[in-house]
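Student: Could you walk me through how the two parts of this protein meet? I'd like to go slowly.
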Amino acid sequence: MAKRKKISLIGAGNIGGELANLAAQRELGDIVLFDIPSKADFAKGKALDLAQNGAILGYDVKITGSGDWKDCADSDVLIITAGIPRKPGESRDDLVGKNLPIIRDVANNAKAHCPNAFVIVISNPLDVMVYEFQKVSGFDPKKVVGMAGVLDSARFACFLAEAAGSSVKDVRPMVLGGHGDDMVPLLSFTTLNGVPIANFVPQDKLDAIIKRTRGGGGEIVKLMGTSAYYAPASASIVMAEAYLKDQKRLLAGAAHLTGQYGYQDMFLGVPVVIGGEGVEKIVELPLTDAEKAMLATSAASVQGVIDVAKKL
Ligand code: APR
């Protein structure tokens, strides 16, 4: 008899709670909501609330809270939000000193308890945290991906739909590069169901939307005093589902590059195919010279933070 899949959510805060909610409603598998021992009761309380929610909404999965890595043993998927979110005025890169020891702790525990999991990292600064996770855990790079491109693309799509006066369902967006203020929204690969977006939105508005997308996370931090959680959770659940159901979805994700787009030994947001083997393919798009230059700027920023992390 097929066993239920197991999904462990490392970090039971704002994103962790929404991840558990979505994974339960989609019945992706049994769920462990994990946090540090001092917050284990908080995780257990959230898990209990979500288990009781299943009696109303009718989902049939086991949800447990825990502060003990043994409860995460042999997970099929790990989604990592462990860390400290941004406060107003902070950049994602400002978090590197605080979140680096946390991701190293998580990577060591993942290696010990869940060596076969597919891992999705959400903690910021994203591209550096996913890099560090893979280095410390030694996981096959195909089994490690960073969540950012789906979220950044969703922000881009949301603003474009508003400007075009169209349904957001018809926007096919693509945002590459690091999860930072110099990410690369690709107009040449963004369409309304195949029709180039420039047919619907004038250039000055497109320029303003690109700027707003790049600062999209910061806009929410400024309003809420902490970082976003609904869309980041949904973006990661789509990636987890693509793996668990071998969907072969083409999504933007921070993947390990070995020469693609001209970059080596770094994680950077690129189009990937996610299926049952993990990151099964990295898709190389023919970029314009201007897009290549923007990607180079973004990659240089990510490399700069990796260099800082290497000294910490
Ligand atoms: N192991 C597990 N969990 C940890 C660890 C650790 N070593 N260290 C911290 N945590 C937990 C915290 O106790 C907290 O409950 O991570 C959780 C983070 O939750 P929130 O503070 O609510 O943050 P959240 O909004 O979920 O964002 C988490 O994702 O988008 C990024 O920038 C964001 O890096 C941040 C992360």
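**Where the domains meet**

Tutor: Glu-241 and Arg-26 form a salt bridge, with their closest N and O atoms 2.4 Å apart; the term means a side-chain nitrogen of Lys or Arg within 4 Å of a carboxyl oxygen of Asp or Glu. This is a predicted model, where local features need pLDDT of at least 70 and side-chain atom pairs count only at pLDDT 80 or more, while totals for chains, interfaces and linings use all residues. Residues are numbered from 1 along each chain as its sequence is written, and side-chain values use heavy atoms, with hydrogens and water left out.

Student: OK, and how is the chain divided into domains?

Tutor: There is domain 1, covering 6–148, and domain 2, covering 149–311, with bounds that come from an automatic or database domain assignment.

Student: How many residues are in contact between them?

Tutor: On the domain 1 side 42 residues are in contact with 49 residues of domain 2, where contact means heavy atoms within 4.5 Å.

Student: Which residues in domain 1 lose the most area to domain 2?

Tutor: Those are Asp-127, Tyr-131 and Ala-148, which together make up 18% of what that side buries. Buried area is the accessible area (1.4 Å probe) that two parts lose on being put together, summed over both, and for these two domains that is about 3,800 Å², with carbon and sulfur atoms giving 68%.

Student: Back to salt bridges, how many cross the interface?

Tutor: The rule finds two salt bridges across the interface of domain 1 and domain 2.
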